[in-house]
Amino acid sequence: MSSSKIYQITLDKPEDFKNIIQGATIFASGGGGSKTLALKFLDQSGITGCGVNVDLIDASAVSDTCRLAFVAELFAPEKMLKHPDFTCGANAYDDLMSQGDSSASSSLSSSLSLSDGLSDGLSGVLFGEIGAVNVAVPMIIAFKNNSFLIDAASVGRAVAELDMTVFASNNTPMGNLVVAARGDVKDHFTVTGQPQTPTDAETFITTTMKEHEDKYQDVAGFALYKMQGMALKPIYNLPKYGITQSKAIGEVMASATSPADAFQTLIPPLGQSDGNSLSTIIHKTVFNLFDGVVESKHTTSGSTSNGMVTYTNKKNKDESFTIYYENENVLSKYEVTDGTTTIRKYAIIAPDAICYLLKDQFWEFGLSYSNSEIDTNMEFFKNSETAVIGIPYPDMRTDYLEASFKRGIQSILDAIKNVLHLDPGIDCPDTYISIETLNRVPKPNIQIIPNGWNGDKVGTGTRRYLVQIDCPIPDISIRYTMDNSLPTLNSPEYTGPIRYYAEQGGTLKVIAYDMTRDNTGVYKYFSRESTAQLPCSPWTPDK
């Protein structure tokens, strides 16, 4: 393969790298490190200076004989804020690539020679995962080493453990593992191992960091999966194009006239996309699951940050949305109550991603943020509305990865109970359920029409109203109340327009239930609650 045939994009403007950080923070599913730190790292490294050129290569176009490695940094996001560093990742990559070929990589390509285009004297940097710091460090490494970036990652979101990557589920040979500390490239502490499995690698990294705590200071760079390009080919579900997609998302934010304009472009009303929506950019259905402000956040302190963050609806305080994370978000719960009765359901289960987009404010010049940044300015996030976005990852729905995430979820819930001494309010799901299934039933639409009983001309003083509720999918039952109680399957069923005469007022509450699943009284598949204020006085036209 000649270099002229290789599909590539040249990142040659400071805003290219910054836009990638903005978009990658969304894919991080709440983790991936602080966006604030990632942007700071870019400036400190010099990559945002004049005359910088870094090539981004399509994974399918990488030469079979190209040398490459997976690189990342291991840290609890809150601890990274105390000990910020990007040099340890660069050190790990340099140490690994300077070693002789491991048996794993040489066995894959013993008959090949380094004679193809980009593979001659150059090496490729493969993103370990997607997230702010997760992509900043590999970009800096490529810049410092005159290497190129591969537009692919071992996982298309951020994860807390190596066994949650598609490399693990595809049994990709690991080879040597380097765990490096911060410091000068010629004078830093490093430890090398040869783990056989991702679990072994995880244990080796955490044990090494603990044994040499004074060297690592809670942040370590690691590099592994040293291989040649041909090793990527068998990975059918290798997440691709996450970096170009991140760049496109960041460009939407950068070009917007306001936070609201950026949000409306990325998450437009139904049927109003101009081609720059998040769904169009990533070629996936995007679920807008909840709009709210941060109510509370609780986090453990350790090698990983386990905890939960709860959002409440500014307009309906009875609604809440809780997200559970192990650095990265892996489970969420939707809950609604009337003070007496409460129902809850799983809203997203990993590997599907739980992401954040601000609706009315910019944070570090964009709409995206991570869990670790909430604590740095709790007042901001308690007053700025966030849309919780769900992104499906069907290519990661393998038995291996689903089991890995389930173990992670259970460890989070255990930590919340036993370390934070809090009730997580939900049990570990028995099995993975897709975001499409959990959110099949959309939020019902409510219309209150003045004088709608018989089509008379609406006039001032009208007291008659027609209430219409719409939820256009099959096999559901729409239940409603007008007395502020929670609509359950014991509440009146909506079968057609309701005639309402303006008297006492009150609140109309509506929930649609999936009758293929919620017909036993164990509520797991239902819509968000819709509410509307019922008129308590004659109708008057808007001024």
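The questions below take up a sheet and a cavity.

This is a predicted model, where local features need pLDDT of at least 70, side-chain atom pairs count only at pLDDT 80 or more, and totals for chains, interfaces and linings use all residues. Residues are numbered from 1 along each chain as its sequence is written, and side-chain values use heavy atoms, with hydrogens and water left out.

Q: Why are β17 and β19 called paired strands?
A: Strands are DSSP runs of E, at least two residues, numbered from the N terminus. Two strands pair if DSSP finds at least two bridges between them. Strand β17 (residues 464-470) and β19 have four bridges, in the antiparallel sense, so they pair by that rule. Arg-464 stands opposite Tyr-501 in β19.

Q: What makes β16 and β19 edge strands?
A: The open sheet has three strands in the order β16-β17-β19, with antiparallel pairing. β16 (445-450) and β19 (498-501) each have a single partner strand, so one side of each has no neighbour in the sheet.

Q: Which residues line the largest cavity closest to its centre?
A: Lining residues have an atom within 4 Å of a point. Of the 20 in this lining, the closest to the centre are Glu-73, Leu-74, Glu-129, Val-159 and Ala-160. Strand β3 (residues 67-75) gives the most, with five residues.

How values were computed:
On a 1 Å grid over the protein atoms alone, a cavity is a set of points where a 1.4 Å probe fits but cannot get out, and a pocket is an open set with protein on both sides within 12 Å along at least five of seven lines; lining residues have an atom within 4 Å of a point.
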